[in-house]
Amino acid sequence: MKRRDLIKTGTAMAVGFSFPVLSHGKQLDTVSGGIYDQLMREMDSMDIIDAHEHLIPEEKRISKQADVFTLFNHYVNCDLISAGIDPEDLRLVFNSDLPLQERWQKLEYYWNQIKYSSYAKCTRITVEKLYGIDDINVNTIEEISAKVANGNKPGLYQEIFDMCNIKYVIDQNGLTKMPDPIYSQMPLLQGSSFMIFATKKRFDKMCKEFNMEVTSLGDCMKLLDKQLSAWKEQGVVSIKIRTAPNVEPNAIEAEKRLQEMLKAGDWHIDNYQTMDPFNNYILHECMELAAEHDFVVSAHAGVWGDFRDMDSKDLLTLAIAHPETKYDLYHLGFPFIRDTIMIAKNNPNVYLNLCWTHILSQTQTNSALREIVDSVPLNKVSAFGGDFVGHVENIVGHLQMAKEDFAEVFAEEIQRGRFDFHEAVGILKQCFYDNPKNLYKLS
Ligand SMILES: [Zn+2]
């Protein structure tokens, strides 16, 4: 069955999108193919929680000129870089003052190398679902750009959320984006919070804010406690860390290091130098305080750059040392996927959040999902988080790919007899909505 045959036209969006509804045909046999389609339809009518985003304020996003390349920024650009595009050429691609055709010439060769990857698939589905255009090429970029520009106006974010049935978006660093009204509605996640003493400037700012003089490690803990209380009142539901090597904290070494820093009068500790005795101590204490203040700790693991220092296994030290703290472990720890699954299986306080994963590699996420269903309690899985910054439209493509992964795996499992259709639908509702709602206590 051809994918093109499955496109049907649906309702138009208020901001002017013509919204064709896709049902991606997979090369499944007739029985599971039928179940696949039924599962996709069930998911299309479900409430969704987008369990992780970094959205910039809408006002900022729509103040910039938008075109087809807006949809390429974060993450298609990563694959273009990997394919070898000249960084200067890539800069020109994102220069909206230049003619579209000229910009397209800069990337066409590289686009053809990456257009079948999951990042590109996400953007291609987005373009197809939002604008009804089935390919991104030299002949379609003008039309796509006109449609992206047409949607680039107030209400864009809410239109995308409504179209996707998204009821909550857990957004990172929303406090810094106030007073944009969108963020006052959102459950917020505070980034790198345990590193709030990372620079002298930040440290001084906090001391001033909470009217404290800090001369000892004990004072630092009081300051941290006050900061977490303040965040709680402001609607923060989670604090975020990145997995990094860490050891059992040593208060004597940490105090010594703090006194050196105070004596030096200035310092900058890189956010993830968790082997620094002071940082390591703060990290561990912050895990304890997170439990006391009823915050989830969201933990980025794996994926980009030198991922050896972002190993999900480094969460084990924290998860075991602080059993009252709940950890939402992100991205399946790509590429340490099996380790990550086992960490969630073994530890009652570790959950799995599949944010970003469906577009990192749909194939790897799909096969991981089979292993998760086989081994991890199903109340611990959050199915979707877009993990986008300014290109909110791509949530549409990413959510579609998440649904495809679940539909494909669940259709096969129904056929195998692991569970029946109604049980499958119940599990899907849990993963796409109930689990993140319960974990983050959203109301
Ligand atoms: Zn993220």
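Select helix α18, residues 394–416. At 1.5 Å a residue, its 23 residues should span 33 Å, and the end C-alpha atoms are 33 Å apart, which agrees; the expected span is 1.5 Å times one less than the number of residues. Helices here are DSSP runs of H or I with at least four residues, strands are runs of E with at least two, and both are numbered from the N terminus. The model is predicted: local features need pLDDT of at least 70 and side-chain atom pairs count only at pLDDT 80 or more, while totals for chains, interfaces and linings use all residues. Residues are numbered from 1 along each chain as its sequence is written, and side-chain values use heavy atoms, with hydrogens and water left out.

Stay on α18 and colour by accessibility. Of its 23 residues, 21 are buried, so the helix is largely enclosed by the rest of the structure. Buried means under 20% relative accessible area, exposed means over 50%, and partly exposed lies in between (1.4 Å probe, protein chains only). Step past the end of the helix to Gly 417, which follows α18 and has a positive phi, near 90°.

Next, select Phe 410. Leaving aside neighbours within four places in sequence, Phe 410 is in contact with Leu 39, Val 373, Phe 419, Ala 424, Ile 427 and Leu 428, where contact means heavy atoms within 4.5 Å. Now widen the selection to the largest nonpolar core, which has 131 residues; Leu 39, Phe 197, Phe 406, Phe 410 and Phe 432 touch the most other members. Helix α18 gives this core its largest share, 11 residues. A separate second core holds 13 residues, including Tyr 168, Val 296, Tyr 351 and Tyr 440. A nonpolar core is a set of buried Ala, Val, Leu, Ile, Met, Phe, Trp, Tyr and Cys residues joined through side-chain atoms within 4.5 Å.

Turn to the sheet. Eight strands form an open sheet with parallel pairing, in the order β3-β4-β5-β6-β7-β8-β9-β10. At the edges stand β3 (48–53) and β10 (381–382); each has a single partner strand, so one side of each is left without a neighbour in the sheet. Two strands pair if DSSP finds at least two bridges between them.

Walk through the sheet from β4 (residues 166–172), which pairs with β5 in the parallel sense over two bridges. Gln 172 has Leu 189 as its bridge partner in β5. Strand β5 (residues 188–190) pairs in turn with β6, again in the parallel sense, over three bridges; here Gln 190 is bridged to Ile 239. Select β6 (residues 236–242): seven of its seven residues are buried. On to β7 (residues 296–300), which pairs with β6 in the parallel sense over five bridges; Ile 241 has Ala 299 as its partner there.

Select the zinc ion. Its protein donors are His 52 (NE2), His 54 (NE2) and Asp 387 (OD), lying 2.1 to 2.2 Å from the ion. Donors are N, O and S atoms within 2.8 Å of the metal (3.2 Å for Na, K and Ca); water is not among the atoms, so sites may look incomplete. Along the chain the donors follow the spacing H-x1-H-x332-D. His 52 is buried at 0% relative accessibility, whereas His 54 is partly exposed at 22%.

Finally, show the whole chain. It has 19 helices and 10 strands, and buried residues make up 58% of its 443 residues.
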